[in-house]
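Reader: I've got a model open and I'd like to learn how to read it. Could you walk me through it?

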Amino acid sequence: METTFSKKNQVAIKNFIHGEWVSSESGQVEDVPNPATGEIIAQVPISSKEDVDKAVQSAREAFKSWKKVPVPKRARIMFRYHQLLEENKEELAKALTQENGKTMKDASGEVQRGIECVEFASGAPSLMMGDVLPDIAEGIDSGMYRYPVGVVGGITPFNFPMMVPLWMFPLALVCGNTFVLKPSERTPILAKMLVELIHEAGLPKGVLNVVNGAHDVVNGLLEHEEVDAISFVGSQPVAEYVYKTASSHGKRVQALAGAKNHSIVMPDCNLDKSVEGIINAAFGSAGERCMACSVVVAVGDVADELVGKLKEAADQLNVGNGLDQETTLGPLIRDSHRDRAVSYIETGEQENAKLVRDGRVELRENESGYFLGATIFDYVSEDMKIWRDEIFAPVLSIVRAETLDDAIETANKSEFANGAVIYTTSGKAVQQFREDMDAGMLGVNVNVPAPMAFFPFSGNKKSFYGDLHANGKDGLNFYTKRKMLTQRWY
Ligand code: NAD
C-alpha cells in the first residue's frame, strides 16, 4: 500500500459503486491539502444526487442477496477484514496523519479504536440472536427475531476518518444491511483504503458503496426513498438538520453531534496526573475531538496551582508535522478552521478572559501548515462565547468555582452533554458527579473517555439526536428491526 502522498503522488479519489471505482457525474472536484504542509495530496469529487441514486440502487439490489447470506459467513468476512486492517496498521496511521494532520501517536490510537469496532462486529452470530420464551400460554411459544433494516446511509466527519466510518459500516453490514458511505470531503483517503481492504476480505459488490462530496450527496441520501436509515456524525447544526430532514422522510436516524466537555478538578485530586490527563484531552488531535476537554472547572483553592501547571505543560508541547516523532501538537484541518479558532481567541480577549497562554505564537512560526499552538484562558465565565461554543481547536477555557455543586451546575448549563470528567480522590464527590452530571460519557481520573466499541457512544442533549446511539447494543438495535413470532401448533 503506497502511503506517502505529495503533489506529485496524489491519491486518485473516485466513487465506489457496485464494486467499481467510477468518476462522478458532476465533474466537480475539490482539493485535499495535507494540513501540515498545505500541499495538495488528492482531489475529491463533489458528487451529485445522480451519483447518490446509482449507489443507492446498487445497495438496494445487493440487499436482496446479502440479507440472505448466513450470519456466520458475513462474520467471517469481518474476521478477514480485521486481519487485513491489523496488517496495514502502520500505513493506515501514516495516511491518516497526512490527510487529517493528527500526530502518528493519535493516528495509531484511532486505527486501533477502529479495528476494535470490526472485532465487535465479528461477534455477529451472538449479537444477532433473538429471544425465545416457550409456553407464554398453554401450547404457545413466543420469540423475537432480528433482521436487517435495509439500505443505510452513513455520513462522517473529518476528525476521525477511520474510526467513525468503522463505527458504522462493519456492524451495519454484519447485521445484513447494505451501505452507502459519504465520507468527509476534507478526509476522503482513509475511506478509500477501508473500502479496498474490505473488498480484499471478500465483500460482494454493491454491499458497500462510497459517494464522495458535500451537501448534495448528504441531501441525496436524506431524501432518497430507497434509503431506510441514516447514521450521521458531525457538528451540531448539521446533526439537527440531518435528524429532522431524514426523519421527515420516514427514516430511522442516529445523529451524533458536537460537544463542549468539562473536566472538574477537585482540590483533593492527584494534581500532576490530572494535568497530564487534561493536557492530553485538551490538545490531543489539536483539540479536534468530540471528546476533547474544552473547559476545566477548578474547584476551590486548586485553581492557581492548576493553571500554573497547565501552562507549564502546554509550553512543553511541540507544534509541527504529525509525521515527525517529536511532534505532540499537529495542525488544524484547514486554514479557514485555524482562522476561525484565532477569531475565538480574539473574542476571548474582548470578553476579558485572562489569556494565560497564547497559541498564536506558534501560528507565526509555522506558516506553511495550518498550525495553532496550545491556548489557555483563565477566569472564563458562562456568559462568554468562548465558554458556550464548540471551538474545536487547541483552546482551553478555565472556569473557577467555589464548590462541586457550582462546578456541576456550570457544566450542566452547556447545551452539549457528550463527556465530562472529575479528578478527585473522594468517592462521595464521584457519587455526586455520577448522579448529577448530564453528560452521557463520564470519567473519573481519566481523560474524557470514549467508550469501547461494545458500549454505546452515549451523548445527551444537543450532542445527540435520535434514540439509539452508535456502537454496542444500541448500534445493533439501530441496524436491526425485530419481528415477534407467536405460534401455536395443533
Ligand atoms: P460537519 O458537520 O461540518 O460535517 C460532517 C459531515 O456533514 C460531512 O460529511 C459534511 O460533508 C457534511 N455536511 C457539512 N455541512 C453540511 C450541510 N450544511 N448540509 C449537509 N451536509 C453537511 O462536521 P466536521 O467539521 O466534519 O466534524 C467535526 C464535528 O463533528 C464537531 O462538531 C465534532 O464534535 C463532531 N463529532 C461528533 C462526534 C460524536 O460522537 N458526537 C464524533 C466526531 C465528531
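Author: Let's go from the whole chain down to single residues, keeping in mind that this is a predicted model.

Reader: Fine. How many helices and strands does the protein chain have?

Author: The protein chain has 17 helices and 23 strands. Its radius of gyration is 23 Å, close to the 23 Å that the globule rule gives for 490 residues, so the chain is as compact as a globular protein of that length. Along the principal axes, the C-alpha atoms fill a box of roughly 75 × 65 × 40 Å.

Reader: And what share of the residues count as buried?

Author: That's 55% of the 490 residues.

Reader: On to the ligand. Which residues of its surroundings are the closest?

Author: Pro157, Gly234, Ser235, Gly258 and Cys290 are the closest, out of 28 residues that surround the ligand. By type, the shell divides into 15 nonpolar, 10 polar and three charged residues. By domain, at least three residues come from each of domain 1 (11–258 + 459–487) and domain 2 (261–414 + 419–444).

Reader: Where does UniProt place the "active site" feature?

Author: At Cys290, according to an unreviewed UniProt entry. Cys290 is also among the residues closest to the ligand. Look for it in the loop between α10 (271–283) and β14 (293–299).

Reader: Is Cys290 buried or exposed?

Author: Burial is a neighbour count, with 20 or more other C-beta atoms within 10 Å as the cut-off. Cys290 has 28, so it is buried. Leaving aside neighbours within four places in sequence, its contacts are Gly258, Ala259 and Asn418.

Reader: What does the "binding site" annotation cover?

Author: The unreviewed UniProt entry gives Phe158, Lys182, Glu185, Arg186 and Glu390. These span 233 residues in sequence and the farthest two C-alpha atoms are 23.5 Å apart, so they do not all gather at one spot.

Conventions: Residues numbered from 1 in each chain as written. Predicted model: local features only at pLDDT ≥ 70, side-chain atom pairs only at ≥ 80, totals over all residues. Near = placed C-beta within 6 Å. Nonpolar A, V, L, I, M, F, W, Y, C, P; charged D, E, K, R; others polar. Domains from an automatic or database assignment. UniProt positions renumbered as here; feature names shortened; annotations may be inferred. Helix = DSSP H or I, 4+ residues; strand = E, 2+ residues; numbered from the N terminus. Buried ≥ 20, exposed ≤ 12 C-beta atoms within 10 Å, placed from the backbone. Contact = placed C-beta atoms within 7 Å. Rg over C-alpha atoms; globule rule 2.2 N^0.38 Å.
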